[in-house]
Amino acid sequence: MARTVTLFTGQWADLSLTELAPLARDMGYDGLELCTWGDHVDVRRALHDDSYLRDRLALLERHELRCFAIGAHLVGQAVCDPIDERHRAILPDHVWGDGDPEGVRRRAAQELIDTARVARRLGVEVVTGFTGSSVWHTLYPFPPTGQDVWQRGFDDFAERFAPILQAFETEGVTFALEVHPTEIAFDIASAERALAAVDHHPRFAFNYDPSHLAYQGVDYLAFLRRFTGRIAHVHLKDVWWGRGDGSVGVFGGHTSFGDPRRGWDFRSLGRGDIDFEAIVVALQAIGYRGPLSVEWEDPHMDRLHGAREAAAFVRALDFPPAETAFDAAFERRPGASEERP
């Protein structure tokens with residue numbers, strides 16, 4: 001069978017799950033990657049209220065949907081970030097607390113641990129998310145930034161994520177980092193360094209999203225080959241690049257998404273420059289059999305139209321793996337004579 005097609009609910013958190021579930025099914029999705037904001041998964045409530053979890057699962061079942069992953073991107077961002085007022089808008093009040101930066105980071109780490117516990121209770125094996133980064137702001141090295149500064153950033157990440165990954169191990173859940181600008185890993189080189197920083201912990205893996213690699217100029221197919229066995233989840237989102245009027249480059253020019261000057265922008269599946277056919281072939285080659293989760297983002301398109309179109313695009317694109325070699329029919333039948341006529 002081809003892979004399950006799911007919808008990441010992070011961009012739909014303005015809708016209640018009661019509203020979104022029937023809509024997702026109608027648009028053609030098999031399941032959801034539920035985010036931990038809006039009302040989709042309330043982590044604190046899920047920890048202490050068995051009826052809440054039963055109600056969430058029953059709601060999905062009524063609409064013939066399943067939950068295949070939980071997305072904890074917003075709280076994960078605060079684990080390693082330098083904290084400022086922007087984080088207040090994306091964090092639950094109990095994580096923000098009094099806003100003391102170190103307190104926010106510690107409470108965010110605990111929330112991520114609690115998310116693993118909720119995932120286990122939901123029967124979910126993957127939590128996708130972000131890590132934040134204490135050194136992202138030093139990306140362009142001026143004033144000159146030495147490797148010692150960047151190494152301290154990876155050491156900080158390793159120290160903060162060690163207890164998180166241990167908790168994930170206890171729960172039998174994998175943390176899948178979405179490799180993404182602003183995170184500790186944002187390309188192949190930094191992903192390798194992040195993996196080494198946590199000593200290749202078995203519960204640290206990647207949520208593959210080609211859109212965040214392609215516009216940077218990173219080989220998004222090489223990423224799959226390099227991290228075979230570490231791809232725990234897949235986001236499908238398109239992007240185009242080399243557009244705009246030439247006044248905005250890869251760093252975005254402090255413009256908003258959708259600004260016609262931009263050199264790159266996220267697009268609905270099939271509307272950008274990503275070679276998804278090659279991605280599916282590569283996923284077959286590395287043995288990935290998990291869901292394909294549509295993360296729908298396109299500032300140029302109505303999201304209901306786009307999400308429906310995206311579900312159909314993935315179904316037309318994906319295909320079951322081969323069970324035999326295509327040329328096996330030409331092999332000599334067992335028991336046939338060795339002599340040629």
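## Before we start

Because this is a predicted model, local features need pLDDT of at least 70 and side-chain atom pairs count only at pLDDT 80 or more, while totals for chains, interfaces and linings use all residues. Residues are numbered from 1 along each chain as its sequence is written, and side-chain values use heavy atoms, with hydrogens and water left out.

The labels are simple: helices (H or I, at least four residues) and strands (E, at least two) are DSSP runs, numbered from the N terminus.

## The barrel

Let's begin with the strands. Eight of them close into a barrel, and the order is E1-E2-E3-E4-E5-E6-E7-E10 with parallel pairing. Two strands count as paired if DSSP finds at least two bridges between them. On average, and ignoring direction, neighbouring strands of this sheet are turned by 30 degrees against each other. For angles like this, axes are lines fitted to C-alpha atoms, for helices over the stretch in contact, and the angles run from 0 to 180 degrees between N-to-C directions.

Now look at one part of the barrel. Strand E4 (residues 126-129) runs parallel to strand E5 (residues 174-178), and four bridges join them. Val126 has Thr174 in E5 as its bridge partner. E5 also pairs with E6 in the parallel sense, over four bridges, and here Leu177 stands opposite Phe206 in E6. E6 is mostly covered, since five of its five residues are buried (buried means under 20% relative accessible area, exposed over 50%, partly exposed in between, with a 1.4 Å probe and protein chains only).

## Helices H8 and H9

Helix H8 (residues 147-171) lies across E4, E5 and strand E6 (204-208), and runs at about 140 degrees to E5. How do H8 and helix H9 (residues 188-197) cross, and within what distance do their axes come? The axes come within 9 Å and cross at roughly 55 degrees. H8 and H9 are therefore oblique to each other (angles under 35 degrees count as roughly parallel, over 145 as roughly antiparallel, 65 to 115 as roughly perpendicular and the rest as oblique).

The contact (heavy atoms within 4.5 Å) is made by Gln147, Trp150, Gln151, Phe154, Phe157 and Ala158 of H8 with Ser190, Arg193, Ala194 and Ala197 of H9. Sorted by class, these are six nonpolar, three polar and one charged residues. Here Ala, Val, Leu, Ile, Met, Phe, Trp, Tyr, Cys and Pro count as nonpolar, Asp, Glu, Lys and Arg as charged, and the others, Gly among them, as polar.

Trp12 sits in the loop between strand E1 (5-8) and helix H1 (17-27). Is Trp12 buried or exposed? With a relative accessible area of 0%, Trp12 is buried. Leaving aside neighbours within four places in sequence, its contacts include Leu20, Leu23, Met27, Arg303 and Leu304. Trp12 and Arg303 are 291 residues apart along the chain, yet their C-alpha atoms are separated by 9.3 Å.

Some of these names return where H1 packs against helix H13 (residues 303-317), at an angle of about 50 degrees and with axes 9 Å apart. Leu23, Asp26 and Met27 of H1 meet Leu304, Ala307, Arg308 and Ala311 of H13. That contact has five nonpolar, no polar and two charged residues.

## Gln77

Finally, Gln77 belongs to helix H4 (residues 73-80). Gln77 counts as buried, at 10% relative accessibility. Not counting residues up to four places away in sequence, Gln77 touches His87, Ile90, Phe130, Thr131, Gly132, Thr182 and Glu183.
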